[in-house]
Amino acid sequence: MKLLFDQNISFRILRLLPEDFAGCQQVRSVGLNDCNDVEIWRYAKQNGFTVVTFDADFFDISILKGFPPKIIWLRTGNLTTSDIAERIILNSLNIASFIDNPDQSCLEIF
C-alpha cells in the first residue's frame, strides 16, 4: 500500500505502521515539506501514492483535476500520531478496497 501522509501528519507515523504499509511515505521523507498542496498532489499522482490528509483542500483539488491520486480524508479532528496510525490500521481493509476501486476518488475516515 502506497500512502503519502500530508504535512499535518507526523513523519513518525511511518514507524508505527505494520509491514503491509512498507510503501508509505510522509511528505517530509520525500522532500516535499515546504511544498503546497498542488505540488504534493502532483507528486502523489506521478508516483502512484494515495494522499492521507486532514486537509479538505486535497478533496477540492481532486474535484477540479480528477484522480488519481486518490484521497483519504481523515475527518476525526486532532489525534495523536499513534491514534492516526491505529485508525489507518483498523481501516486497512477498507483502504485497500478503496484503492482498488477505479470509481472512487475519496475515502473519508471519521
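Student: In E4, what is the bridge partner of Val52?
Tutor: The bridge partner of Val52 in E4 is Ile72. Strands here are DSSP runs of E with at least two residues, helices are runs of H or I with at least four residues, and both are numbered from the N terminus. This is a predicted model, in which local features need pLDDT of at least 70, side-chain atom pairs count only at pLDDT 80 or more, and totals for chains, interfaces and linings use all residues. Residues are numbered from 1 along each chain as its sequence is written, and side-chain values use heavy atoms, with hydrogens and water left out.

Student: How does the chain cross from E3 to E4?
Tutor: The chain passes through helix H2 (residues 56–65), and this β-α-β crossover is right-handed. The term means that, with the strands pointing away from the viewer, the path from the first strand over the helix to the second runs clockwise.

Student: How many bridges join E3 to E4?
Tutor: E3 and E4 run parallel and are joined by 3 bridges. Thr53 stands opposite Trp73 in E4. On the E1 side, 3 bridges join E1 to E3, again a parallel pair, and Phe5 stands opposite Val52 in E3.

Student: What is the order of the strands in the sheet?
Tutor: The sheet is open, with 5 strands in the order E2-E1-E3-E4-E5 and parallel pairing. Two strands count as paired if DSSP finds at least two bridges between them. The edge strands, each pairing on one side only, are E2 (25–26) and E5 (106–109).

Student: Which helix packs on the sheet and touches E5?
Tutor: Helix H4 (residues 92–100) packs there, touching E1 (3–5), E3 (50–53), E4 and E5. Contact means heavy atoms within 4.5 Å. The direction of H4 makes about 165° with that of E5; axes are lines fitted to C-alpha atoms, for helices over the stretch in contact, and angles run from 0 to 180 degrees between N-to-C directions.

Student: Are the side chains on the two faces of E4 buried or exposed?
Tutor: Ile71 and Trp73 on one side and Ile72 and Leu74 on the other are all buried. Buried means under 20% relative accessible area, exposed over 50%, and partly exposed in between, with a 1.4 Å probe and protein chains only. In E3, Thr50 and Val52 point one way and Val51 and Thr53 the other, all of them buried.

Student: Which residues have the most contacts inside the largest nonpolar core?
Tutor: They are Leu3, Phe5, Val52, Ile72, Leu74 and Ile88, in a core of 17 residues. Such a core is a set of buried Ala, Val, Leu, Ile, Met, Phe, Trp, Tyr and Cys residues joined through side-chain atoms within 4.5 Å. Its largest share, 3 residues, comes from H3. A second, separate core of 14 residues includes Cys35, Phe49, Ile71 and Trp73.

Student: Changing topic, how many disulfides are found?
Tutor: A search of the whole structure finds 0 disulfides, the criterion being a pair of cysteine sulfur atoms within 2.5 Å. For Cys24, the nearest cysteine sulfur, that of Cys106, is 17 Å away.

Student: Finally, where is Thr76 found?
Tutor: Thr76 is in the loop between E4 and H3. Leaving aside neighbours within four places in sequence, Thr76 contacts Phe54, Arg87, Ile109 and Phe110.
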